[in-house]
Amino acid sequence: MSKEKFSGVKGMNDMLPQDAAIWQTVQQTAVNVLERYGYQEIRTPILENTKVFTRGVGEVTDIVEKEMYSFTDSMNGDQLTLRPEGTSAVVRCVNENNLLYGATQRLWYCGPMFRHERPQRGRYRQFHQFGAEALGMAGPDIDAEMIVMLNRIWKELGVGHVRLELNTLGALPERQAHRDALIKYFEANRDVLDEEAQRRLYTNPLRILDTKNPDMQDLVNAAPRLLDYLGEESRGFLARMEEMVSAAGIDYTINPRLVRGLDYYNHTVFEWITEKLGAQGTICGGGRYDPLIEMLGGRPAPGVGFAMGMERVIELMRECGNVPTRTQTDVYVIHHDGDAHVKAMLLAEQLRDRGIRVIVHPGTAGMKNQMKKADASGARFAVFATEDELAGGNVSVKSLREGETSFAEQTTVSLESAAEAVANAFAK
């Protein structure tokens with residue numbers, strides 16, 4: 001028999017038990033905040049029809065051109081893709097189930113996404129996003145509320161200062177005029193463009209503004225700005241949103257080069273950035289995507305949303321020293337074999353009925369060995385179900401943690417009252 005030891009797929013990482021507490025903290029904090037704003041959970045499959053992303057995200061984007069995990073279903077020939085982002089999948093689900101007919105929707109999701117990227121700190125091939133979508137609401141107040149909501153999440157997670165950058169992509173005619181100006185500008189400076197920029201010159205010139213090539217930064221900084229092509233309505237939309245964000249006491253900067261990487265955005269785009277994670281400092285991004293619902297087959301309706309990278313937020317919490325821990329159990333039950341083991345099991349069930357986490361020592365072992373296991377479990381209390389004590393209808397309880405005074409000395413209690421006595425200790 002082969003003794004080969006298998007490894008996980010590169011860029012697709014395991015979550016170990018000791019990491020569970022911080023993952024749960026990030027997700028539950030975000031959920032708690034969003035529920036205060038009226039958001040409900042939605043779940044979509046990790047596999048979608050490839051067109052959901054090529055049509056929504058855009059065919060001339062890094063995600064579609066380079067990063068998607070796509071394949072042909074060998075059973076029926078369908079073109080399928082592991083979802084690289086959540087918004088298009090949520091909108092497909094909303095359209096398919098007619099969730100916007102006569103209604104608006106506030107939805108949140110959390111789950112794995114897949115992109116074939118070079119694995120590095122904070123960027124993985126399987127990564128997780130927590131996101132929200134507000135659908136059917138057109139005003140800048142919803143954009144501002146989403147930013148205020150995210151600001152609350154950062155505060156409650158305790159991640160320190162996170163910088164907000166805003167921009168607007170305006171309406172379609174304004175983007176078209178800006179696009180024409182960009183093409184003309186970059187054509188006049190073609191000798192400075194790298195291969196990637198030249199490839200995108202006529203297909204997606206806006207993405208050239210997002211280049212990371214240091215040799216092109218001066219060129220990009222001097223490029224025509226979309227802000228200069230905005231009409232009165234778009235300027236009013238941006239001004240009203242800025243007014244509401246400022247009223248909430250949130251600092252921000254307008255970054256005219258902020259375009260995001262997806263084709264479905266219009267009007268508002270934003271990113272939250274930390275200085276503590278180096279090059280991978282963007283922990284959350286989003287914006288308005290009014291064209292997307294119709295692009296994916298629904299009736300025209302507005303939408304705005306965000307997605308935060310769970311791995312990056314978790315990394316930021318670790319950088320801030322804000323790492324919650326959780327023990328394996330609350331109570332560890334130590335017992336003798338035979339009838340004592342059965343009574344220990346039944347006592348554990350009574351404790352679990354009261355919401356207490358309990359481990360009953362598996363199998364048989366000496367008292368000393370069981371005590372070592374109890375201490376290693378992180379339990380607050382050990383319950384001893386020995387033959388002698390059970391013969392008198394009792395068990396004993398002992399506090400295992402320093403500073404825990406409920407059962408500082410090993411205390412004998414009746415088997416009948418043991419569950420109540422331990423539960424009362426947790427209530428203090």
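User: Which residues of H4 are buried?

Analyst: Before the answer, a word on the source: this is a predicted model, in which local features need pLDDT of at least 70 and side-chain atom pairs count only at pLDDT 80 or more, while totals for chains, interfaces and linings use all residues. Residues are numbered from 1 along each chain as its sequence is written, and side-chain values use heavy atoms, with hydrogens and water left out. Buried means under 20% relative accessible area, exposed means over 50%, and partly exposed lies in between (1.4 Å probe, protein chains only). Helices (H or I, at least four residues) and strands (E, at least two) are DSSP runs, numbered from the N terminus. In helix H4 (residues 87–96), the buried residues are Thr87, Ser88, Ala89, Val90, Val91, Arg92, Cys93, Val94 and Asn95. The helix is thus mostly covered, with nine of its ten residues buried.

User: What covers the buried residues of H4?

Analyst: One looks for contact, meaning heavy atoms within 4.5 Å. The cover of H4 includes strand S2 (47–49), helix H2 (51–56), strand S5 (105–114), strand S6 (126–135) and helix H10 (292–295). After H4 comes Asn98, with a positive phi near 55°.

User: How many disulfides does the structure hold?

Analyst: A disulfide is a pair of cysteine sulfur atoms within 2.5 Å. The structure holds zero disulfides. Cys93 is in none, and the nearest cysteine sulfur, that of Cys110, is 16 Å away. Cys93 is also buried, with a relative accessible area of 11%.

User: Which residues touch the most other members of the largest nonpolar core?

Analyst: A nonpolar core is a set of buried Ala, Val, Leu, Ile, Met, Phe, Trp, Tyr and Cys residues joined through side-chain atoms within 4.5 Å. The largest one has 87 residues, of which Leu34, Trp154, Phe186, Trp272 and Phe306 touch the most other members. Helix H5 (residues 140–157) supplies the largest share of this core, nine residues. Leaving aside residues up to four places away in sequence, Trp154 touches Val159, Val162, Trp272, Ile283, Cys284, Met308 and Val313. There is also a second, separate core of 23 residues, including Leu347, Leu351, Ile356 and Ala423.

User: In what order do the strands of the three-stranded sheet lie?

Analyst: Two strands pair if DSSP finds at least two bridges between them. Here the order is S2-S4-S3 in an open sheet with antiparallel pairing. S2 and S3 are the edge strands, each pairing on one side only. Three bridges join S2 to strand S4 (residues 79–82), and Asn49 stands opposite Leu80 in S4. Strand S3 (residues 69–72) is joined to S4 by four bridges, with Leu82 as the bridge partner of Tyr69. S3 and S4 form a hairpin with six residues between them, and Gly77 in the turn has a positive phi of about 80°.

User: Which strands form the five-stranded sheet, and what packs on that sheet?

Analyst: In a regular strand the side chains alternate between the two faces of the sheet. The five strands form an open sheet in the order S13-S12-S14-S15-S16, with mixed pairing. Its edge strands, each pairing on one side only, are strand S13 (358–360) and strand S16 (411–414). Strand S12 (residues 331–335) and S13 run parallel and are joined by three bridges, where Val333 stands opposite Val360. Helix H15 (residues 418–427) packs on the sheet and touches S12, S14, S15 and S16.

User: How confident is the predictor in the protein?

Analyst: The term pLDDT is the predictor's confidence in each residue, from 0 to 100. The mean pLDDT of the protein is 90, and 96% of its residues reach 70 or more.

Conventions: Axes fitted to C-alpha atoms, helices over the stretch in contact; angles between N-to-C directions.
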